[in-house]
Each structure stands twice: as C-alpha cells, then as structure tokens.
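The following note sets out points for a colleague who is examining this model. Please read it alongside the sequence and the coordinates.

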Amino acid sequence: MSPCELAKRNGAGACGAARAHLYQNVNVIQAEKGIGMTGKKLTCLACGQLNRVPAERLGAAPKCGTCGAALMPGKAIEVDPGILAKAARHDELPLVADFWAPWCGPCKMMAPHFGKAAQALAREARLVKLNTEDHPEAGAAYNIRGIPTMVAFSGGREAKRQSGAMQEAQIVGWIRAR
Ligand code: ZN
C-alpha cells in the first residue's frame with residue numbers, strides 16, 4: 001500500500017507527502033472498530049513512536065502500539081532530549097518537563113513531589129524529567145539557567161516555565177493554570 005493510500009485509509013484528508021508520511025508513522029490505538037481519528041496524539045516516552053489515543057481511552061492505561069510502554073504512566077518518566085523534542089512538538093496533551101541534575105539538592109527535594117503530581121494529573125498531562133548532567137546540550141537548547149526548572153509545552157510550543165523547587169499541590173496548580 002502506498003503512503004498515499006495509507007493516509008486515506010487512516011482518515012487523513014489531504015494526501016501530500018508530508019502528511020502521508022506523518023500518518024503512516026502513527027499507531028492508532030482503538031478500543032473497538034469504528035473509532036475514527038479523533039483521539040489525542042501522544043509520543044511514546046520509551047521508544048518515541050507517535051500514537052493516537054481516543055480521548056475516552058486516556059484513563060484506560062493505553063499502551064504504545066510499537067513497544068507496549070504505558071502512554072499515560074501516571075508517574076514522572078526520565079526521557080532523553082530526542083524524545084522530549086518529539087513529544088513537545090507533537091503531543092496533544094500538556095507535557096511538562098522537569099530539568100534537573102543529581103547534584104542539585106532542591107531538585108532532589110522536589111522529585112517526589114513531581115512524581116506525585118504526575119500521579120494526580122495522570123489523565124490530563126504527562127510529566128517527564130530530563131537529567132541536565134547527562135544531557136548538558138539539552139539544558140542549553142532549552143535555555144535552562146537554573147535548576148530545577150519546569151517547562152510546560154502545549155500545542156507544539158513552550159507555554160510557560162517556572163524555576164525553583166515546588167511542592168506537589170503547587171506543581172499541580174501551576175500545570176493546571178492557563
Ligand atoms: Zn513505544
């Protein structure tokens with residue numbers, strides 16, 4: 001099947017090469033046959049594959065169609081810069097990255113709170129961690145000047161950022177605030 005036919009079969013309206021390329025690389029997770037392409041695009045935080053999850057399935061422990069990893073893990077997931085960049089660009093649910101490092105005391109204090117916030121927001125947002133000691137180039141790429149810094153992505157771009165350690169309730173409130 002050509003990419004063009006595949007794109008049409010998957011419900012893509014247009015059949016341009018770029019669009020076809022995008023859609024043939026999206027796993028569609030369907031609860032049952034007949035569900036259309038109305039779900040949310042989510043990047044697998046383990047393998048980077050784009051998945052599309054029907055909104056009503058977000059709370060039903062959806063898994064990546066390629067590697068089987070949980071797409072809504074309900075905990076903070078350590079990611080590398082490549083996965084973060086892809087998820088920040090394509091995800092259709094809020095994505096929040098905590099830039100941290102093992103030598104940073106406030107980062108370590110905040111870590112369990114960030115994890116609990118991920119649990120509290122399990123159906124509405126995904127929280128990830130990026131180790132700036134392992135990936136200093138990522139800290140520079142995102143212009144991180146101090147850690148911990150949380151960066152929230154929405155609609156393919158940075159929506160806001162916040163530096164300094166926060167507790168669970170503050171983190172949840174900050175992520176939910178528009
Ligand atoms: Zn995967």
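1. In this predicted model, five strands are arranged as an open sheet of mixed pairing, in the order 4-6-5-7-8. Strands are DSSP runs of E with at least two residues, helices are runs of H or I with at least four, and both are numbered from the N terminus. Two strands count as paired if DSSP finds at least two bridges between them. Strand 4 (77-78) and strand 8 (157-163) stand at the edges with a single partner strand each, so one side of each lacks a neighbour in the sheet.

2. Residues are numbered from 1 along each chain as its sequence is written. As the model is predicted, local features need pLDDT of at least 70 and side-chain atom pairs count only at pLDDT 80 or more, whereas totals for chains, interfaces and linings use all residues.

3. Strand 5 (95-100) pairs with strand 6 in the parallel sense over six bridges, and L95 stands opposite R126 of strand 6. Strand 5 is joined to strand 7 by five bridges, and these two strands run antiparallel; here A97 has V151 as its bridge partner. V151 also stands opposite R161 in strand 8, and strands 7 and 8 run antiparallel with six bridges between them.

4. Strand 5, helix 4 (residues 105-120) and strand 6 form a right-handed β-α-β unit. Right-handed is meant in this sense: with the strands pointing away from the viewer, the path from the first strand over the helix to the second runs clockwise.

5. Six of the six residues of strand 5 are buried, that is, 20 or more other C-beta atoms, placed from the backbone, lie within 10 Å of the residue's own. L95, A97 and F99 point one way from the strand, while V96, D98 and W100 point the other way.

6. In helix 3 (residues 81-90), the buried residues are L84, A87 and A88. They lie on the same side of helix 3 because they cover an arc of only 100° around the axis, taken from the directions from the helix axis to the C-beta atoms. Their cover includes strand 2 (40-43), strand 5, strand 6 (126-131) and strand 7 (149-154).

7. The pLDDT, the predictor's confidence in each residue from 0 to 100, averages 87 for the protein, and 81% of the residues score at least 70. Over residues 10-18 the pLDDT is below 50, and this stretch has 14 contacts beyond near neighbours in sequence (C-beta atoms, placed from the backbone, within 7 Å). Residues 31-35 also have pLDDT below 50, with four such contacts. Where pLDDT is low, the predicted coordinates should not be read in detail.

Note on methods. Buried ≥ 20, exposed ≤ 12 C-beta atoms within 10 Å, placed from the backbone. Contact = placed C-beta atoms within 7 Å.
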